[in-house]
Amino acid sequence: MQLTFEQLRKHFQQRRLKFTSQRHAIYKALASSVAHPSVEDLYSTVKRSHPTLSMNTVYNTLDTLKEIGIASEVSLWRDKARFDANQT
């Protein structure tokens, strides 16, 4: 289940975290993926609409999403880290 813009904003606001358009776009790309995208996958997807996006922002946002419980890291044997936003 994908969170709405307002639900996601509230998650950030309750924890006194900035809710930026880049963070929102990263979450949307993650939540709308049927696969478990890697950091690189998310970066290339979101970079199209946010040309100033850095890889570091993607890493930091994914760490934040994991910390607040709305994303998780999926470990696949001998593969790079992949992520999932379906926390139902």
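This is a predicted model: local features need pLDDT of at least 70, side-chain atom pairs count only at pLDDT 80 or more; totals for chains, interfaces and linings use all residues.

Colleague: What makes H2 roughly perpendicular to H4?

Modeller: The angle at which H2 and H4 pack is about 70 degrees, and their axes are 10 Å apart. The label covers angles of 65 to 115 degrees, so H2 counts as roughly perpendicular to H4.

Colleague: How confident is the predictor in the protein chain, as a mean pLDDT?

Modeller: The mean pLDDT of the protein chain is 90, with 92% of its residues at 70 or more. Helix H3 (residues 39–47) has the highest confidence, a mean of 96, and strand S2 (residues 82–84) the lowest, a mean of 80.

Colleague: Which residues of H3 are buried, and how do you know that they line one face of the helix?

Modeller: Val39, Leu42 and Val46 are the buried residues in H3. Viewed down the H3 axis, they fall within an arc of 65 degrees, so they line one face of the helix. Among the elements that cover these buried residues of H3 are helix H2 (21–32), helix H4 (55–67) and S2.

Colleague: Why is leucine 53 called buried?

Modeller: Leucine 53 has 2% relative accessibility. Buried means under 20%, so leucine 53 counts as buried. Leucine 53 sits in the loop between H3 and H4. Neighbours within four places in sequence aside, leucine 53 is in contact with Gln22, Ile26, Tyr43, Val46, Lys47 and Val58.

Colleague: What makes histidine 24 buried?

Modeller: Histidine 24 is at 17% relative accessibility. Under 20% is the requirement, so histidine 24 counts as buried. Histidine 24 belongs to helix H2. Not counting residues up to four places away in sequence, histidine 24 touches Phe5, Leu8 and Phe19.

Colleague: Why is lysine 66 called partly exposed?

Modeller: Lysine 66 has a relative accessible area of 29%. Buried is under 20% and exposed is over 50%, with partly exposed in between, so lysine 66 is partly exposed. Lysine 66 is in helix H4. With neighbours within four places in sequence left aside, lysine 66 is in contact with Ala71, Ser72, Glu73 and Phe83. Lysine 66 and leucine 8 are 58 residues apart in sequence and 13 Å apart in space, C-alpha to C-alpha.

Colleague: Why does alanine 35 count as partly exposed?

Modeller: Alanine 35 has a relative accessible area of 46%. Exposed would need over 50% and buried under 20%, so alanine 35 is partly exposed. Alanine 35 is part of the loop between H2 and H3. The C-alpha atoms of alanine 35 and lysine 18 are separated by 27 Å, for 17 residues along the chain.

Colleague: What makes arginine 16 exposed?

Modeller: Arginine 16 is at 80% relative accessibility. Exposed means over 50%, so arginine 16 counts as exposed. Arginine 16 lies in the loop between helix H1 (5–14) and H2.

Colleague: Where is phi of arginine 16?

Modeller: Phi of arginine 16 is near 55 degrees, which is a positive value in a residue other than glycine.

How values were computed:
Residues are numbered from 1 along each chain as its sequence is written. Side-chain values use heavy atoms; hydrogens and water are left out. pLDDT is the predictor's confidence in each residue, from 0 to 100. Helices (H or I, at least four residues) and strands (E, at least two) are DSSP runs, numbered from the N terminus. Buried means under 20% relative accessible area, exposed over 50%, partly exposed in between (1.4 Å probe, protein chains only). The arc is that of the directions from the helix axis to the C-beta atoms. Contact means heavy atoms within 4.5 Å. Axes are lines fitted to C-alpha atoms, for helices over the stretch in contact, and angles run from 0 to 180 degrees between N-to-C directions. Angles under 35 degrees count as roughly parallel, over 145 as roughly antiparallel, 65 to 115 as roughly perpendicular and the rest as oblique.
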